[in-house]
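Reader: I would like to go through this model with you. Please set each label against its definition.

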Amino acid sequence: MIKGLREEDLKVVVKISAKLGSGWDFRLSNWLDGVQCNWEKGGVSMMWRSVGWDRETVERYVLNGSEVETRFCIEELVGK
């Protein structure tokens, strides 16, 4: 188990994954006293952090070098 991953965090990760749908590569890593999660697909990365962050939002990055970032509420996500 990843250090800093709590049951409440896992519930948010499952919720985000369900909203995004299938086909995303997933990575979970330690970040400060919690975790950082990244979902990647088709040149886009979605990132969520469990601490030091608005837990109800994810950031969407375009991975073509432009580093364009957009923040979404989890409830807004549907295959972004």
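Reader: Which residues is Ile-16 in contact with, leaving aside its neighbours within four places in sequence?

Author: Ile-16 is in contact with Trp-39, Trp-48, Val-58, Ile-74 and Leu-77. Contact means heavy atoms within 4.5 Å. The model is predicted, so local features need pLDDT of at least 70, side-chain atom pairs count only at pLDDT 80 or more, and totals for chains, interfaces and linings use all residues. Residues are numbered from 1 along each chain as its sequence is written, and side-chain values use heavy atoms, with hydrogens and water left out.

Reader: What makes Ser-45 buried?

Author: Buried means under 20% relative accessible area (exposed is over 50%, partly exposed in between; 1.4 Å probe, protein chains only). Ser-45 has 4%, so Ser-45 is buried. Ser-45 lies in strand S3. Beyond residues up to four places away in sequence, Ser-45 touches Asn-38, Trp-39, Glu-40, Glu-59, Arg-60, Tyr-61 and Leu-63.

Reader: Which residues of H1 are buried, and why are they said to line one face?

Author: Asp-9, Val-12, Val-13, Ile-16 and Leu-20 are buried. Seen down the axis of H1, they fall within an arc of 100 degrees, so they line one face. The arc is taken from the directions between helix axis and C-beta atoms. The face turned away carries the exposed residues Glu-7, Lys-11, Val-14 and Ala-18. The buried residues pack against S1 (25–31), S2 (34–41), S3 (44–49) and S4 (57–62).

Reader: What makes S1 and S5 edge strands?

Author: Two strands pair if DSSP finds at least two bridges between them. The open sheet has 5 strands in the order S1-S2-S3-S4-S5, with antiparallel pairing. S1 and S5 (69–73) each pair on one side only, as edge strands.

Reader: How do you know that S3 and S4 pair?

Author: 4 bridges join S3 to S4, and the definition asks for at least two. The two strands run antiparallel. The bridge partner of Met-46 is Arg-60 in S4.
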